[in-house]
Amino acid sequence: MATENRAHFWRRNAKVPGTFPKDGLKPKLNNLKSKKASSFHEFACSTNDAWDIDDEEDEDFLGAPVYPLPLLSGLQPSSTHHQSFQQLPHQADHPETEVADREATPRAESHNLQELPEEAERGQVNGRVVKSNSEAHLNASSVRSTLQKHQSLPVRPIIPLVARISDQNASGAPPMTVREKTRLDKFKQLLANSNTDLEELRKHSWSGIPREVRPVTWRLLSGYLPANMERRELVLKRKRDEYFGFIEQYYHSRTDEHYRDTYRQIHIDIPRTNPLIPLFQQPAVQEVFERILFIWAIRHPASGYVQGINDLVTPFFVVFLTEFVKEDVENFELTALPLDTQRNIEADSFWCMSKLLDGIQDNYTFAQPGIQNKVKALEELVSRIDEDIHGHLKRYDVEYLQFAFRWMNNLLMRELPLRCTIRLWDTYQAESEGFSHFHLYVCAAFLIEWRKEILSMVDFQGLLMLLQNLPTIHWGNEEVGLLLAEAYRLKYMFADAPSHYKR
């Protein structure tokens, strides 16, 4: 009975948190501290949460006008979009909030904390669903008040502007040291060869790729770009034209009955992607993501679109954008770039995301067997690495699936700041089966990293809340480097386990 209740909880619960009931009253929030849950079933029964959108939101979506594709006639969003979309406030325009913003925004960068404001996570701001074709005005003061509710983190050097997407160590080290300049020169030398040595490139990329050469390096390591320099321009043109051929051929079908549910879910999920970073709230950017995800979904009917795939576009989009934007990526207006540049960024993001998903598509097919296997593999691995942590989780009835499902589904993107994800993916693309196999050891190392905090929690609810909100907000390249080094050590200490995972 308990298993049946857990399986149907998300679907049967009519109360969706973060939404206003039809009578106009604010929803009642659960007081999780009133009674500590001793099991997942008890915790679930006392917690309101849902993945579904209620009937009001469905009606809003279905009644929303369908705008013509701006891409083929010019990628600029239509004038209707610009008039209806209220731009996010810039700090410079509101000096009275600048000091408070500097204190609040670093906490917003971590993806585990980006989920915390309920309205933002569920695609709502000020009680409205945020959509690429509808009004959206993120109230800075309400976001700050929400963030202030969470426990203060230890004082460390502040990393500016939503902790910045761009590379930066948490220690605040200068962006270019002598060692880093030497590494950059080595990368440029490798990339300048008529035939790039991919094995050598992987070897140097494992410990991080310099920002200046990351876009071309990612294209090469993902298999999107050929090693032969003479063929690159021809291949890029052919693949970019092919992608926009898909757009012209298929994108209009998003309103067809067969694809309507797919497009609807994509349309709802896009505003939830990095909701506190202004770049991702721009209509032009959201439309890019909608096109990428919809075309990928209809070209991969075995899985279609699954929540979580929307996150996987983000690192590619940001990396390819930084090829043309050197500073303040978070607030950059995409429409300021030439149309051809916008189109190239979109096409390259699509193809590189597709290459990534080709290796982990069983994560997103029916019942997501890939994730189920990987979570089980993580449990077996941790039981060998650290019996204390494994036993502690078992003692308080914490199932690995309750926290590690998201680690596998989103590749730790909700647990780490975006700049850390980009650094992590440098290594994943340098590793053989980095996203599918090495990620398992990274997750194990990530769990062990919080050993002290985990063992100090002596109740189910506290453990689950900790594991779903790990404080990585100040993490930078240094912390990610240590995490990867530990994962590398675990891989070669426990390479034969678990046996069922290595097929």
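This briefing walks through the helices, their packing and a few individual residues of the chain above. The model is predicted, so local features need pLDDT of at least 70 and side-chain atom pairs count only at pLDDT 80 or more, while totals for chains, interfaces and linings use all residues. Residues are numbered from 1 along each chain as its sequence is written, and side-chain values use heavy atoms, with hydrogens and water left out.

**The chain overall**

- The chain has 24 helices and 2 strands; these are DSSP runs numbered from the N terminus, with helices being H or I of at least four residues and strands E of at least two.
- Of the 503 residues in the chain, 54% are buried, where buried means under 20% relative accessible area, exposed over 50% and partly exposed in between, with a 1.4 Å probe and protein chains only.
- Among contacts between residues at least 6 apart in sequence, 77% join residues at least 24 apart; a contact here means heavy atoms within 4.5 Å.

- Helix H12 (residues 229-250) has 22 residues and reaches 32 Å from its first C-alpha to its last, close to the 32 Å expected at 1.5 Å a residue; the expected span is 1.5 Å times one less than the number of residues.
- Why is helix H15 described as largely enclosed by the rest of the structure? Of its 13 residues, 13 are buried, so H15 is largely enclosed.
- The 13 residues of H15 (residues 309-321) should span 18 Å at 1.5 Å a residue, and its end C-alpha atoms are 19 Å apart, which agrees.

**Two helix pairs**

- Helix H11 (residues 214-221) packs against helix H20 (residues 418-430) at an angle of about 35°, with the axes 10 Å apart; axes are lines fitted to C-alpha atoms, for helices over the stretch in contact, and angles run from 0 to 180 degrees between N-to-C directions.
- By class, the H11 and H20 contact has 5 nonpolar, 1 polar and 2 charged residues; Ala, Val, Leu, Ile, Met, Phe, Trp, Tyr, Cys and Pro count as nonpolar, Asp, Glu, Lys and Arg as charged, and the others, Gly among them, as polar.
- The axes of H13 and H14 come within 10 Å and cross at roughly 145°, and this crossing is right-handed.
- Tyr259, Thr262, Tyr263, Ile266 and His267 of H13 meet Glu290, Leu293, Phe294, Ala297 and Ile298 of H14, a set of 7 nonpolar, 2 polar and 1 charged residues.

**Residues within helices**

- Asp269 belongs to helix H13 (residues 257-269) and is buried, with a relative accessible area of 2%.
- Which residues does Asp269 touch, not counting residues up to four places away in sequence? They are Tyr305, Gln307 and Asn310.
- The side chains of Asp269 and Tyr305 are joined by a polar contact of 2.8 Å; such a contact is a pair of N or O atoms within 3.5 Å, where within protein one must be able to donate a hydrogen and the other to accept it, and residues adjacent in sequence count only if both atoms are side-chain atoms.
- Glu199, in helix H10 (residues 198-205), is exposed at 56% relative accessibility, and its side chain makes a polar contact of 3.0 Å with that of Arg202.
- Glu199 and Ala430 are 231 residues apart in sequence and 8.6 Å apart in space, C-alpha to C-alpha.
- Ala377 sits in helix H17 (residues 369-385) and is buried at 0% relative accessibility.

**Positive phi in loops**

- Most residues other than glycine have a negative phi.
- Gln368 has a positive phi, near 45°, in the loop between helix H16 (339-358) and H17, where Gln368 is buried at 16% relative accessible area.
- Asp397 has a positive phi, near 60°, in the loop between helix H18 (387-395) and helix H19 (401-409), and is partly exposed at 41%.

Definitions and conventions: Left-handed = near helix turned anticlockwise from the far one by under 90°.
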